[in-house]
Amino acid sequence: MERGQPAPYNHGMTTELGHFALILAFAVAIVQMIVPLIGAHKRWPGWMAVAEPAAGAQFVLTALSFGALTWAFVVSDFSLNVVVANSHSAKPMLYKISGTWGNHEGSMLLWVLIVTLFGAMAAWFGGGLPPTLRARVLAVQSAIAVAFFAFIIFTSNPFLRLEVPPFDGQDLNPLLQDPGLAFHPPFLYLGYVGLSMAFSFAVAALIEGRVDAAWGRWVRPWTLAAWIFLTIGIALGSWWAYYELGWGGFWFWDPVENASFMPWLLAAALLHSAIVVEKRESLKSWTILLAILAFGFSLIGTFIVRSGLLTSVHAFANDPERGVFILAIMAFFMGGALVLFTLRAGAMEAKGVFGLVSRESALVVNNLLLAVACFVVFVGTMWPLLAEMFFDRKLSVGPPFFNAAFTPFMVALGLILPVGSVLPWKRARISRAMWPLRYVFVLALAVGGLAFVMQTGRSMLGPMGLFLGAWLVSGTVVELMQRTGRGDNRLGRLRRLPRADWGKAVAHGGLGVTMAGIAGLTAWTVDDIRVAQIGQPFDVGSYTLTLTDVQELRGPNYLSTTGFVTLSKDGSEIAQMTPEKRFYPVAQMPTTEAAIDYNLLRDVYVVIGDQQDNGGWTVRTYIKPMTNWIWIGCALMALGGLLSLSDRRFRVAAGARKFSAVPAE
Amino acid sequence: MKRFALILMLLASPLAAVQPDEVLDDPALEARARELSKGLRCLVCRNESIDESNASLARDLRILVRDRLLAGDTDAEAVAFIVDRYGEYVLLKPDNSGANWLLWGAGPLMLLLAGGAGMIYLRGRSKAAAPGDTPLSAEEQARLDDILKE
């Protein structure tokens, strides 16, 4: 098919097959939701065994359906409504493909594709699970899929046709035509939906009526995977906002951002409390509750984004019918799970006993802080709605509120983390555990103090952030060294430490790096706004910038006004920068492309504006210290999660080992 | 969709935020104006402060803030002046009047509540039994017997 040609007829078959596969997957999901559940109840192996092939078939069918939709975007099949509304024949191929999920219908299909993917993975790798638990997990997972298949087929069908296909499409929102954002939704969805697996395990365990160490070990990899994906997805979105929106903010406390942040906080809490279940057989009912709530917040997130209830720049859909449908899904799953929880949680008797000062207690405090922080974000996000409904007040809750109300919890978390992670299980003496950390504390104080002395008359935010960063990073180093014991060959032992230990250290260090980055950026950004004349240098901070030229250029599907800026310091040139403002004629939309000179210590961020009457151009320059630390830290957290996920005990647990009442190791 | 496109246009228009001609000569006053602008909402945008926004209304508000500061208002007076005219909707950081204490108290109250519950739980756990005297479950006992017999 040539570009620019509408292709309504010869691809018709693919699209219809995709539509058919979707409906068939719906039917399979209904079977998988019911039959294994009855089988597990009656102990009929044949009925339970339905779950495994059904989960596979469901995934393959949904993948076919998604593939057909992607194909429609690739060949620009303008007989499909979604393609017309979100694509254009002249769009670069990458964004044709990402256009598949850059719209409501396609993104919901991606959502359910991931639900079935996780279901299939649980079926394929869940050989070690007891058969009844496995049947129930897969049935619950399938119930979630059924709800979303119904949602897609009845309210958001991407395969709806146009009788008369138009000649060309209306283009994807140009803001979304960006590599950072093209892959932001799939990662977020992998995270959101990954938590459905934790939910399914929790509900299955409640039906089963037992939670033991083995359960903790099974649920943790899924939570960990979901959390890794959420981390990457949130970081990508934040990075995109930073370079694309044109003023260098990285987090706006927008309802849609909060929607992804709340599940992240709860997933972080959950993967810590699952450790306590696994190692110490305590905190069982709390962990179950967290697993239910974490997925609940994923559903709330989907609801917020898809209903447009709390409209924001991200909320693409403004259709009440869809909102009510998702609300009903949410009410059913949360209500059902919580009722089941109140009926059954009492039976989850804790076994492990531990002292007031112990690793267990530290993890309880971790969970407390993360859960309350999540609650604060939740209340802040919903408050404008609640205040209008119940108190007749129209008000806003913006970044200044969240910065003030949320940050203290993260500071507290950062302060206790290195202490908690060196405390031994069961029973500990706080003074003894903290003794090795004395140098770390002094070092962190020195770093914070240095930052305080070097800045003049500004807030405590920067020094505090650097203190926390140094405290966390060097704390993990000391902890790793401690694990190697004394004597010779400590380096060798360090290398042979379990991957989970490395993962923990890397992720905790990453949190410190991110905290330092956020504080540094927020406290020490310098900005400059001026009308720059071509050829006249100007100073910002210790840098000199010269606007040498401005040209009108043409991109594949946009027009660009490009500025050419020379960045130099102490007389020597550092970089040539080309800030642009673009105009997308099809969508009739302008965008800003900031020019950024990246550096580990600082970013120089240049934005070009309009030409002024006197011939000069508006130029905005920001010096942003430590910005990249934020995303390096996120990458480290994700890497830590991956290391942990690849730990031997999960591979063993996921393998074919037969279930036994007594967990190994 | 149209409204959405409009919002995006306001959001993404290249002439972002504070314009050079708005900047005050006195750097101290300008710094105060920027700080105040960050706490005031652009009324026609979504979740944006007037400092970041490029809507013309945001520009008017920025100029208004600067005028008030030039006229000798304190920060609080300048904000009050704007809230009087545009309502509390412009405040990105809601005050703590009336029902708003629920918003501000949500975190601390929840922390107290959860902290209390956590404390009771932890005390229970640490008192439940001394280490070593946890009885074996029937299953474990059976398994132990098996092992001993072998």
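In chain B, residues Leu29, Arg32, Ala33, Leu36 and Ser37 of H2(B) meet Arg62, Val65, Arg66, Leu69 and Leu70 of H3(B). Sorted by class, this contact comprises six nonpolar, one polar and three charged residues. The model in which these residues are placed is a predicted one.

The geometry of the pair can be stated in a few terms. Two packed helices are described by the angle between their axes and the distance between the axes. Helix H2 of chain B spans residues 27–38 and helix H3 of chain B spans residues 56–70; the two pack at an angle of about 135°, with their axes 10 Å apart. H2(B) is therefore oblique to H3(B), and the crossing of the two is right-handed. The positions that H2(B) contributes include B:Leu29, B:Arg32, B:Ala33 and B:Leu36. An α-helix has 3.6 residues a turn, so residues three or four places apart point the same way.

Along the sequence, the pattern of chain B reads α-α-α-α-α-α. Of the 150 residues in chain B, 28% are buried. Among the contacts in chain B with a separation of 6 or more, 51% join residues 24 or more positions apart.

Chain B also touches chain A, in a contact that takes 55 residues from chain A and 48 residues from chain B. On the side of chain A, the elements giving two or more residues are helices H14 (359–391) and H15 (399–422), together with strands S1 (526–532), S7 (589–593), S9 (602–611) and S10 (617–625). H14(A) gives the most to this side, with 12 residues. By class, the side of chain A that touches chain B holds 31 nonpolar, 15 polar and nine charged residues.

Helix H7 (residues 131–155) and helix H9 (residues 184–208) of chain A have axes that come within 8 Å and cross at roughly 130°. This angle makes H7(A) oblique to H9(A), and their crossing is right-handed. From H7(A), the residues Thr132, Leu133, Arg136, Val137, Val140, Gln141 and Ile144 of chain A take part; they meet Ser196, Met197, Ser200, Phe201, Val203, Ala204, Ile207 and Glu208 of chain A in H9(A). The contact of H7(A) with H9(A) has nine nonpolar, four polar and two charged residues.

H11(A) is mostly covered, with 25 of its 26 residues buried. After H11(A) comes A:Glu281, whose phi is positive, near 50°.

Is A:Thr62 buried or exposed? A residue counts as buried if 20 or more other C-beta atoms lie within 10 Å of its own; A:Thr62 has 30 such atoms within 10 Å and is therefore buried. Beyond its neighbours within four places in sequence, A:Thr62 is in contact with A:Ala25, A:Val112, A:Leu113 and A:Thr116. The C-alpha atom of A:Thr62 is separated by 9.2 Å from that of A:Ile114, 52 residues apart along the chain.

Methods. Residues numbered from 1 in each chain as written. Chains lettered and ligands numbered in written order. Predicted model: local features only at pLDDT ≥ 70, side-chain atom pairs only at ≥ 80, totals over all residues. Helix = DSSP H or I, 4+ residues; strand = E, 2+ residues; numbered from the N terminus. Buried ≥ 20, exposed ≤ 12 C-beta atoms within 10 Å, placed from the backbone. Contact = placed C-beta atoms within 7 Å. Nonpolar A, V, L, I, M, F, W, Y, C, P; charged D, E, K, R; others polar. Axes fitted to C-alpha atoms, helices over the stretch in contact; angles between N-to-C directions. Parallel < 35°, antiparallel > 145°, perpendicular 65-115°, else oblique. Left-handed = near helix turned anticlockwise from the far one by under 90°.
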